[in-house]
Structures are given as structure tokens and as C-alpha cells.
Amino acid sequence: MSDSHSISANQSSRLNYIILITVIIAAGLSQGLLLPVLSILLEQKGVSSSLNGLNAAALYVGSFAMTLVAERILSAIGFKKLITAGISIVLVSLICFPLLPGVKAWFVLRLLVGIGDSAINYAAQLWVLLMTPAEHRGRNLSLYGMSYGLGFSLGPLGISLLRFGQAAPFAVIALLFLFVLILVALKLPDSHPDKVEHGEGQARRFARSYTLAWYALIPALLYGYMEASLNSNFPVYGLRIGFSANQIAALLPFAGIGGLLLQMPLGIWSDRYGRKKILIFSGVGGGLAFALLPLTGDRFLWTLAVLMAAGGLVGSFFSLGLSYAADILPRNLLPAANVVSSFHYSFGSIMGPGIGGVLLQFGWGGGVFVLLGVLYIVFGLAGLLFSPRKPI
């Protein structure tokens, strides 16, 4: 009886993991599609690049706001209800985008998508982190990261659906979210996280996470900055240097494809050689690739190769950082570290489109990628100063 119960529990856990992977692919698709599609539509309407960038940042303002309350909401309602609520918010927003055109309406809708996506990501990644045994952490988090990367890299292909009408990309992704919502509602168990001891305040737990694992938490900030910058600013940059919308739609996924190809090898190498060494190597290498991107100009194949190399090296940053944090933090600080990572991701994502939009506004489009490269290189070199401390 105990063997059959163990097998049943393992099968249930595997099913839950597969559903969570499906959910996170959908979340990646929604962000990967909305950022470039809306940037292109606003550019074609004559909206300035700085306002375009600020509008794109609205998604991450919503995500940031959700991060501030995610831990408490999850504790109150559990994983399934939080994921279901997040999916529902994104679904309704997707339906409203073509029905409510305009900069102001899209700003509000992007806020709502950010809230929904943040709820999905926070609950799904923490659930995966907590239910994964330590010996499989690198593998499972790499697969999680690959799934989000797969969705995000496929998202820009939705640009090609614009030829069927402005509503087409939103309709396709909304149908996918409806399917995922039904799957979650019917198949996921109503699970809750472990109760947090409230003897130590939330601010104190965040501070301890920073103190013990600051280097493991910064990758989420850089990943969010890179992801939002690339998908919001590159379409505008590409149009201005001579690429067509179809060429941009073909190029953008290659940053994600590079990340998919190297996600698992980097995870395995981090298990073998140490996660800090791989973060240093990836940060410096990816930073150099981004800094070189403006030199490729409007040469399609060169741009594709550099994007693929840069995306491949830094596309694992979020999962590698979270894995490193899980290695060096006590288990009771993992929910707080997860909040900090989500906070960093949102903050970086808010800054990326805005800063890039200003650089584009002042005519230095290549500066978007030079600055990005410098940030990654500085992070890589900062790893030489970091030594994990024993928990206090």
C-alpha cells in the first residue's frame, strides 16, 4: 500500500509540475507578444519613443505592485486560487486591448496584465521551488526557466498575425489563456505554502536575504531590464535603422532561442563548477555581446547571431540566480527571496523600456544595448567580491 501511495503521489506531483510548466509558457507568451506588438502599433500611430517606452513599463508597474502583496495573498488563498486569479485578469485584459484602443486605455490594461502575470509567476515559481528536492533543483528550475523562455521567444512571432488585423494576436493568445484557465481549475490541487513564522517581520526577512545572497538576487533585476528593453526598444530601434516589421518578428525570438539552447547546459555546468562562476562567465560574455550589437547595423544575419549569443548567455540569469539563492539561504527565507527576485525583476522591467525610450528619443539607439552590456559586465566582475556567508 505504501509503494502504491508513493507512486500515486509522485504521479500527482509530476502532473502538477507539467501544469505549472504549461502555465508559465502561457505567461511567457503573453509578455513576449504584448511588448513588441504594442510597441509597433504605438510607433505606427506616431507616439513618441519615450512615451512608447513609458507605456510599455506600465506592465511592470503592475507586476511591481503585485509583488509587494503577493506573499500575503498567497498565504491567505493558496497557490491554485492565486494562479487562477492571475490567469483570469490577463485573459480579460487581452480581450479588451483591441476593443479599447488608445495610449491611456492600453496603459491601464498593461497594468492589469502586469498584476496578473506577476501573480502567476510568483505562485508558480515558488511552488516549483518548494516541491523540488535539492538534488533536482538545478534541473527543475532550468526546465522552468526554459519553459518561460520558450513562451517569451515565441511571443514576438505574433507580430506576423497583425496582417490579419490588429485584433488577431490578442485573440490567439486569449484562446490559449482560456485553455490554461480551464486546465488549472480542473486539475491543480488547492495547495497552500507552509505557514511563515511571524516572530520575524517581513522587512527583516528581506534584509537577511539581501545580506546573505545579494549576488544571487541581482540577476533577476538584470534579467527583467534586459527582457523588457529588448522586446520594447528593439522593435523601435530596428524600424529606425531599416529593418521591416517582419524582420524584427524573425529576429527577436533568437535571443530567447539562444537562452533555450544554453539553459540546460548552463544549469548543469553550474552544478558542476559552481553557480557563481557561471554567473560571472555569463554576465561578462553576455554583456560583451550586447555591447557589440550596434556594430551589426542592419545586417540581418550578424544581428541574429549576436542576439542569439547574448540571449544564450544571459537567458538563464533568473533561474540561475534563484537556484544560487536556494543553495545559500535557509529554507525559511526562500519565500522572502522569491519576493525579492520578483521585486527586482519588476523594477528592472520598469526601468528598461523607460531608459531605452529616452536614449532612442535623443537619437542614440545603439546606447540601449551598450548600456545593457555595461550593466552585465559590471555584475559579472562584482562576483569576484562576493563570498556566501553562513546563515545567522
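What pLDDT does the protein average, and what share of the residues score at least 70? In this predicted model, the average pLDDT is 84, and 93% of the residues score at least 70. Where pLDDT is low, the predicted coordinates should not be read in detail.

Helix packing was examined for two pairs that share helix α13. Two packed helices are described by the angle between their axes and the distance between the axes. Helices α2 and α13 pack at an angle of about 170 degrees, and their axes lie 8 Å apart. Because this angle is over 145 degrees, α2 is roughly antiparallel to α13. The contact of α2 with α13 comprises 14 nonpolar and eleven polar residues, together with one charged residue. For helix α13 (residues 334–361) and helix α14 (residues 367–382), the axes are 9 Å apart and the packing angle is about 140 degrees. This angle makes α13 oblique to α14. On the α13 side, I355, G356, L359 and L360 meet G367, V368 and L371 of α14. Classified by residue type, this contact of α13 with α14 contains five nonpolar and two polar residues, with no charged residues.

Two individual residues with contacts to this region were considered further. G53 lies in helix α2 (residues 49–77) and is buried, its relative accessible area being 2%. Apart from neighbours within four places in sequence, G53 is in contact with P353 and G354. The C-alpha atoms of G53 and F177, by comparison, are separated by 26 Å, with the two residues 124 positions apart along the chain. N233, a residue of helix α7, is likewise buried, with a relative accessible area of 2%. When residues up to four places away in sequence are not counted, N233 touches A228, G352, P353, G356, G357, L360 and V368. Among these partners of N233, G356 and L360 belong to α13 and V368 to α14, and these three residues also take part in the contact of α13 with α14.

Charged side chains were then considered. Side chains of opposite charge can pair when their charged atoms come close. The count comes to two salt bridges. In one of them, K81 pairs with D190, with the closest N and O atoms 2.8 Å apart. K81 is located in helix α3, whereas D190 is in the loop between α6 (168–187) and α7 (202–241), so this pair ties together parts that are 109 residues apart in sequence. K81 is partly exposed, at 43% relative accessibility, and D190 is also partly exposed, with a relative accessible area of 42%.

The other salt bridge joins the side chains of R275 and D327, with an N to O distance of 2.4 Å. R275 lies in helix α10 (residues 275–292) and D327 in helix α12 (residues 317–328), so the pair links parts that are 52 residues apart in sequence. R275 is buried, with a relative accessible area of 9%, whereas D327 is partly exposed, with a relative accessible area of 39%.

Conventions:
Residues numbered from 1 in each chain as written. Predicted model: local features only at pLDDT ≥ 70, side-chain atom pairs only at ≥ 80, totals over all residues. Heavy atoms only, no water. Axes fitted to C-alpha atoms, helices over the stretch in contact; angles between N-to-C directions. Helix = DSSP H or I, 4+ residues; strand = E, 2+ residues; numbered from the N terminus. Parallel < 35°, antiparallel > 145°, perpendicular 65-115°, else oblique. Contact = heavy atoms within 4.5 Å. Nonpolar A, V, L, I, M, F, W, Y, C, P; charged D, E, K, R; others polar. pLDDT = per-residue confidence, 0-100. Salt bridge = Lys/Arg side-chain N within 4 Å of Asp/Glu carboxyl O. Buried < 20%, exposed > 50% of the residue type's maximum accessible area, 1.4 Å probe, protein only.
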